[in-house]
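Work through the exercises below with the sequence and the 3D view at hand. Try each task before reading its solution.

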Amino acid sequence: MVSSAHTESVGHSWKPDILGEPFEQLTLDLDSDFEGPMVATLVRRREVPLRRLASMFNDEAAARGWDVLYVHGWSDYFFQSELAEFWSAQGARFFAIDLRKYGRSLREYQTPGYITNLADYDEDIEAALTVMGHGIGEQPTRRLLLMGHSTGGLTVSLWADRHPQRAQALVLNSPWLEFQAGAVGRRALAPLATIGARLDPRAPLPNVDLGFYTRAVSSAMDGEWDYNTDWRPARGFPTHPAWLAAIFAGHQRVAAGLSISAPVLSMMSSRSTLSVTWSDRMLESDSVLVVDEIAEHSLRLAPTVTVAKIDRAIHDVLLSAGPVRAVAYGQLGQWARAYLR
């Protein structure tokens, strides 16, 4: 067996990534589904020897000996190179995955983001962890931190609950832990979604995304970020009953309480602005989720949970304005020094 410290660099055909140096990507073959062959894509920030050496002598590098795997949210993909730089400076090896039917992994014949059970992503995550040296049956020499944004935060939380002891820490960025209309709304709509999933699982649902969040993120509007709009469309991917039923099932599991064995950091904005009309407040608040619901449900994930509300943050806290991101990274670094050393 190859040592877990070297597994990720042996026997795999990494190629240059769209983000440029020092990022590389690796295609992970998955089982086929009714639409045909599927893949996930693992992205890594290749280690620079001098940078790695510098982190060894940096007392502020809180994540030496750690591997980070980042999981994106709905209608999204990994493009946050600044996040990778942060973890690298902390001494960690950084990886991110574009899940099946998202981003680098999306094929023309596929329904974007479509899935009928969030547990199906276990295959994607396991394929990534195997390459990283954290696969089933391995004896990793490094510790594992999972990081997820929005739907990715829900996905990694459920995964960590099903796979105790596999990850030693979780960081969640505005995790989608409850439906925007709350538990009452979820319980009212869940039976309809379930019936729809049985009758016509891929029927189009009404699009409730008015593009306000994109306006707060995109450099073409009021935000700061450039990205592939085919992989991250302005009003999101179309949604379907089977997908919504899978989300509701995940929310129900969180509401019942999880038992994640690792310490959890859950970051979010300090306030929400959910409206059918644009407001400049959406540039400094979460226009997608209800942050108080996120905070409350975060406490149901694990015995040890830290909740950090970041003032003036948007839905993806780490895509907020520069001064806000600086505060968020400061909070993340402080938590890392407390829990990862």
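The exercises below concern a predicted model.

**Exercise 1. The chain as a whole**

Task: Compare the radius of gyration of the chain with the value for a compact globule.

Solution. Step 1: The chain has 341 residues, and for that length a compact globule would have a radius of gyration near 20 Å. Step 2: The radius of gyration of the chain is 19 Å, which agrees with the globule value. Step 5: Among contacts with a separation of 6 or more, 74% are between residues 24 or more positions apart.

**Exercise 2. Surface and charge**

Task: State what share of the accessible surface belongs to carbon and sulfur atoms, and how far apart the centres of the positive and negative side chains lie.

Solution. Step 1: The accessible surface of the chain is about 14300 Å², and carbon and sulfur atoms account for 54% of that area. Step 2: Count the charges: 32 side chains are positive and 39 are negative. Step 3: The centres of these two sets are 3 Å apart.

**Exercise 3. Helix α4**

Task: Find how long α4 is, how many of its residues are buried, and which elements those residues pack against.

Solution. Step 1: The chain has nine helices and nine strands. Step 2: Helix α4 covers residues 151–162, twelve in number. Step 3: From first to last C-alpha, α4 reaches 17 Å, close to the expected 16 Å. Step 4: Eleven of the twelve residues of α4 are buried, including L154, W159 and D161. Step 5: The buried residues of α4 pack against the helices α3 (122–132) and α7 (241–256), and against β4 (66–71), β6 (143–149) and β7 (169–173).

**Exercise 4. Backbone in the loops**

Task: Decide whether S75 is buried or exposed, do likewise for Q165, and locate the cis peptide bond that ends at P22.

Solution. Step 1: S75 lies in the loop between β4 and α2 (81–89), and its phi is positive, near 50°. Step 2: The relative accessible area of S75 is 6%, so S75 is buried, as the cut-off is under 20%. Step 3: Q165 sits in the loop between α4 and β7 and has a positive phi of about 75°. Step 4: The relative accessible area of Q165 is 58%, so Q165 is exposed, the cut-off being over 50%. Step 5: The cis bond runs from E21 to P22, with omega near 0°. Step 6: P22 belongs to the loop between β1 (15–16) and β2 (23–33).

Definitions and conventions:
Residues are numbered from 1 along each chain as its sequence is written. This is a predicted model: local features need pLDDT of at least 70, side-chain atom pairs count only at pLDDT 80 or more; totals for chains, interfaces and linings use all residues. Side-chain values use heavy atoms; hydrogens and water are left out. Helices (H or I, at least four residues) and strands (E, at least two) are DSSP runs, numbered from the N terminus. The expected span of a helix is 1.5 Å times one less than its number of residues. Buried means under 20% relative accessible area, exposed over 50%, partly exposed in between (1.4 Å probe, protein chains only). Contact means heavy atoms within 4.5 Å. The radius of gyration is taken over C-alpha atoms; the globule rule is 2.2 Å times the number of residues to the power 0.38. Accessible areas come from the Shrake-Rupley method with a 1.4 Å probe; for residues, only the protein chains shown count as cover. Lys and Arg count as positive and Asp and Glu as negative; His and the chain ends are not counted. The place of a charge is taken as NZ of Lys, CZ of Arg, CG of Asp or CD of Glu.
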